[in-house]
Amino acid sequence: MLEMLPYPSGDLHVGHAKNYTLGDAVARMMRMLGYNVLHPMGWDAFGLPAENAAIQRGIDPAQWTRSNIVNMQRQIRLMGTGYDWSREIATCDPEYYRWNQWLFLRLYEQGLAYKREAPVNWCPNDRTVLANEQVVDGRCWRCHSPVERRNLSQWFLKITAYGDRLLAGLDGLEGWPERTKTMQRNWIGRSAGVQFSFAVENSAARIGVFTTRIDTVYGVTYLAIAPEHPVVAQIVTEERRAEVERFAASLASKSELERTSLMAKQGVFTGAHAIHPLSHERVPIWVTNYVLAEYGTGAVMGVPAHDERDFEFARDFGLPIAQVVVPPGSAAEDPLEAAYVDDGRLVVSGDFTGMPSARARDAIALRLAEMHAGETAVNFRLRDWLVSRQRYWGTPIPIVYCERCGEVPVPDEHLPVLLPADVPITGEGSPLARDPAFVNTACPRCGAPATRESDTMDTFFESSWYYLRYLDPHGDAAPWGKAAADRWMNVDQYIGGSEHAVLHLLYSRFFYKFFHDRGWVHGPEEPFARLFHQGMVLYNGEKMSKSRGNVVGIDETVERQGVDAMRLFLLYVTPPEDTSEWTDEGISGRVRFVNRVWRACEPFFDRAGRTSLAELPPAPSAAERELVRAVHVAVKSATDETISRRFHFNATIAKLDEYVNALTALGRTAPGSPAVHYAVHALPTIIAPFAPHVAEELWERLGHAESVHLQAYLQPDERALALEEITLVVQVNGKIRARIQTSPGIGEDAAYELALEQSGVRAQLEGKQVRKRIFVADKLLNIVAG
RNA sequence: GGGGAAGUGGCGGAACGGUAGACGCAGCCGCCUCAAAAGCGGCCGGGCACACCCCAUGUGGGUUCGAUUCCCACCUUCCCUACCA
C-alpha cells in the first residue's frame, strides 16, 4: 500500500489530506480484513523550492527542508494516519542518495546513462537550464524571461531503449486507469514505417527520411530538413549559403514551442536537389522550421497532397502538389483543396499504380529493401530522459573528468559523493561548479588532478525507485534486499495524482524493468500492480493556493472540526477520484455524524450486556432485524469497496448514516435488546478505518481491552442481509403498474396470480393478450401484452 | 487539430440492465426552551381534478420485455496533448 511520496513544501491543507486519508482508510481496511500491510512514508526532499528559498531568503536548503519535514510529519500524524515511521526515508539523506549514485553507475555501465550535446531550455536571466515543466508559455516560471534554446552537453538516460517494453507492459496493467495508460501510449508514441534515403545531386551526401506513409512516396515534391541537420552545411549551394545560415541563426535560440506552435511554417531553399530513389525525379531540398531535428532522421519527405503540414508549406512556398492516392471509387482532384490523408488507391506511382494503400506500403517497403535503399523502421516520440540539472540541491552525478582518462565513474567504495554544505547559492549558474573544494579531485583511475561533474540529478531519479528503499531503509550493502523485494514487491495498490501520469509513473516503470533485467527484482516487470488517482479538493471553486489565500489548513480544521470529521468528510463528499469542493456546511454534517455515533454508544459505556460480535444476536422484532441488517449492509459496502478497489467509501458512509440513525432510534426504545448491544459494539470496529480516533475511544469505553484497530473486520452475513419482505414491482409492457409487498422467494406463478389481483394491472391488461412474462426473483415481474 | 472524462433535484451525490433521486448539505414546518444554540420528529424534482395518474437522469436515435446504466450521432463543460513525419 503506497501513496506517492510528498515534496516537503511546508504546510499541508485539506487537499493533501484527501490523498492520505484515502490511503490510510484502505490500509486500515486491508489490515482488518487480515492482510499483512506495509504502509510506509517518506520525503521527496531534493528540489527547486528549497534552493529558491536559499536564493530569495538566504536560508540553507538543508535546514529549510528538514524543518518542513518535521512540520509535515507532525501534520500527517495529526491526520490519524498509521504509517510505519521506522521505514521513513528522505531522498536528501546521503544514506539515500548514495544509492541514487550507485544506480546511476549501474545504468552507466550498461550504456543507459550517457552524456551528449543536446538542445535544452535555457533561461538567460537565471543562467541555468530548465526542465520542460518549468517553462510556461515559452517563459521561465520564475523570472518570466523568454526561454532560449541552447546546445549543452548533458546527461541522459536511455529510456528509449525500453520503448517497446514500456508500451507492451501497459497491456497487462488491468488495475491502472485506462486514461493513464492512453496518455503513456501517446507519450511513447511508437510509429512503424520505413526509413530510406535520397541521394543528393552533385554530392556524396545522402539524406535519410522516416515515413509512416511510404505509399505516398511518389507524391514527394521536396525534402524538408531541420536547420540543425549536419548535412545542411555540406549540400547548401554557395549562392544560397548566406540565406540558409541567416535562417538557421534566427531559429537557433527559439524553443520548440515557439518554432512549432507559435510561428507559421517557414523555410529556405538550399539550392540543392535530391534524387527520388524510385521515380528518379529531382526534388528541391528546403530547410524548414517545422521539422524537428530530434525526431526520426531530422528530415522528412514532403508530400503536400497527402500530409496537412506539407500541404500548408507547399501552398505558402509555391511548391508543386502531386496527388498519388485517390479515395476509393473516385478520381484525382485538380487542384486539391486540402491534403487527402486517408488511405486510398495509388495513381501515378510507377509499378505500384492501382494498389490500395495498405498493400502498397508493404510492396514499396520491400522494393526499397531489395534496392538496399531503405528498411522498415520504428520511431518513438519518447526521447531520452535528460537528467542533468545545473542545480545545487540534488544528487551529485558520480562522474569525474580526467585529462588523461577522460570520463571516469566514481568507484562504488567512494560513494556517496557528498553534496557540500555552505556553498553560496545565488541563483546564477551551478553552485557546485563554482566550489573548487568540490570540483577539484583526483582521478580515481590514474590519480592525476581531475574535476568532478558539477551537475546534479533530476529529482525524478530519486522518486523512480524509492518504494524499494522502504523495504530495507537502513541497509548499507545494497539499495534494497532481494529477499525483501521478493517478499513484498510489486506494490499492490498505488495512490497519487494524475499529474504524474507520464513523468514519475513512466520513469518508475523504466527503472523497474532495468532492475528486473539486472535480476534485482523478480516476478512482475511492473512496479505498481494497481494505480488510483485521487481528485483535487477545491475551495470557493478554485484550487487551493497560498498566493490566492484560499487554503483550508489541516491544523485549523483539526482544531475546529476534528480529525475524524475531516477524514469522513473527505471520503464522503464525492467518490475519491472526483474533484471535490470543501465547504464548511459539508464538514459540519460529518461533525454531527461523529456526535451521533458518540451519543448512540454513550448509554452503553460500562454497561453489562452482549459484547461478542462472533455471532448474530437474537432479533425477535422486525426493527431489531432491520438494525442488524443495517450493520451488515455497512460492513458489506466497506468490504466490497475495498476488495474491488473502487474505494467509493462515500456510499459506505451513507450506509453508516442509516445504521447510526437506526441504532439511535432503537437504542432509545429498546436499550436492553441484544441486537442494540450488537450494533453498539460493532460500530467502532466498522468505522475504525475511517474515523480511527472516535472508534478507539468508544471501543475502550465499551469495555474492550485490545485496540479496535487490531480487531478483525466483521464479515458480511447473508442471513443478516436477507430481507423479510420484498417489494415486487409489477410492470405491464415495461411500465410500473403495481408494487406488491410479499415474502422473498415467491415463485413466478404465485407472483403472477398476485399481480392479476391488482386493479392497476388488470386495467392495463384489459382486451390484450399476454404474450410473455419476465420474472426477476424478488425484484420484478414484467407482463408483456398486446 | 488530436486524445480522454463527465452531464441526474437549490447543492454534493446514490442507483455497475430491473422501484430514479439512497445518504448528506441548504431550505421549510413542528417538538424541546423564557429565548437562542444544540438535539429530536416531519416535509423537501415538476405537473395535476394531490393516497390515483402524468412528466422527468444534456439533445436525438438505436439495442432490449425493460436503459441514468450498453451502442451511435450531436450539444455543453472540464482535463490532457499539441506540426512526432
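Trp-465 and Trp-480 are both buried in this predicted model. The two residues form one of the 45 aromatic pairs found in a search of the whole structure. Their ring centres lie 6.2 Å apart and their planes meet at 40°, so the pair is classed as tilted; an angle under 30 degrees would have counted as stacked and one over 60 as edge-to-face. Helix H14 (466-469) sits between the two residues in sequence: Trp-465 belongs to the loop that joins helix H13 (459-463) to H14, and Trp-480 to the loop that leads from H14 to helix H15 (482-488), so the pair ties together parts 15 residues apart in sequence.

Stepping back to the whole of chain A, the reader will find 26 helices and 33 strands. The C-alpha trace spans about 105 × 85 × 50 Å along its principal axes. Chain A has 786 residues, and 53% of them count as buried. Among contacts with a separation of 6 or more, 70% come from residues 24 or more positions apart.

The domain assignment of chain A lists domain 1 (190-380), domain 2 (561-721) and domain 3 (726-785). Between the C-alpha centres of domain 1 and domain 2 there is a distance of 68 Å.

Definitions and conventions:
Residues numbered from 1 in each chain as written. Chains lettered and ligands numbered in written order. Predicted model: local features only at pLDDT ≥ 70, side-chain atom pairs only at ≥ 80, totals over all residues. Heavy atoms only, no water. Helix = DSSP H or I, 4+ residues; strand = E, 2+ residues; numbered from the N terminus. Buried < 20%, exposed > 50% of the residue type's maximum accessible area, 1.4 Å probe, protein only. Contact = heavy atoms within 4.5 Å. Domains from an automatic or database assignment. Phe/Tyr/Trp six-rings, centres within 6.5 Å; stacked < 30°, edge-to-face > 60°.
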